[in-house]
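Please open the model in your viewer and keep the selection panel at hand. The tour below goes from one selection to the next and says what is found at each stop.

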Amino acid sequence: MQTWDAIRARRNVRHYRPDPVSDDDLERIVEAAWRAPSAANNQHWDFVVVTDRAQLEQLSTVWPGAGHIATAPSAIALVVPESGDERETMIDQFDLGQAMMAMTIAATDLGIGTGHSAVGDQDKARDILGVPDDHRVCYLLGVGYPAGRKLQPIRKPDRRPFTEVLHRGRW
Ligand SMILES: Cc1cc2nc3c(=O)[nH]c(=O)nc-3n(C[C@H](O)[C@H](O)[C@H](O)COP(=O)(O)O)c2cc1C
């Protein structure tokens, strides 16, 4: 898929076919995050790939909006070190957003759907994934082939009008 098509076709997929995503494709998706830019090239991130059904079902309970992780064939957890510094935390979250977006586009390019989830219960998420206490499991990304409609460029996405968000020169 061309980059522009992948950008337009990406959407949150919360219903997946049971078919597994190959290890090669999961690695490609994480490599996209690994290649993402970060402030001062800090790379304050780690990625845990999960394909075990029991772990996925447990992860689906760490946040009310994580239900789709239970039926995804795989998920990727985005982990950062805990930081007491407000600015560092903010920048780490920005960097994580870029890594997340890179993964969603790389997945779309392969015809694979992705679905974000936040994480509420940190202790539980850390326990399921074996993440140390001084790290935070910030997000989960369900990864799997979409059940139903395939990933195709969306002509009219559910967004604020483009002319409302685009400012030229001045607000
Ligand atoms: C930071 C962030 C957190 C999100 N958390 C959740 C979540 O917990 N559960 C969920 O189902 N979707 C979650 N989403 C997906 C958004 O609801 C979705 O991206 C938005 O509605 C736009 O839809 P689209 O991605 O299909 O274009 C999250 C997205 C972002 C960027």
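**Around the ligand**

Begin with strand 3, which supplies three residues, the largest share of the shell around the ligand; strands (E, at least two residues) and helices (H or I, at least four) are DSSP runs, numbered from the N terminus. This is a predicted model, in which local features need pLDDT of at least 70 and side-chain atom pairs count only at pLDDT 80 or more, while totals for chains, interfaces and linings use all residues. Residues are numbered from 1 along each chain as its sequence is written, and side-chain values use heavy atoms, with hydrogens and water left out.

Next, select the residues that surround the ligand, among them Trp63, His68, His116, Ser117 and Tyr139, where a residue counts if one of its heavy atoms lies within 4 Å. By class, the shell holds three nonpolar, five polar and four charged residues, with Asp, Glu, Lys and Arg taken as charged, Ala, Val, Leu, Ile, Met, Phe, Trp, Tyr, Cys and Pro as nonpolar, and the others, Gly among them, as polar.

Then display the distances from ligand oxygen atoms: 3.0 Å to a polar side-chain atom of Arg10, 2.7 Å to a polar backbone atom of Asn12, and 2.9 Å to a polar backbone atom of Ala118. The protein buries 59% of the 630 Å² that the ligand exposes when taken alone, by the Shrake-Rupley method with a 1.4 Å probe.

Key: Polar contact = N/O pair within 3.5 Å; in protein donor to acceptor, adjacent residues only side chain to side chain.
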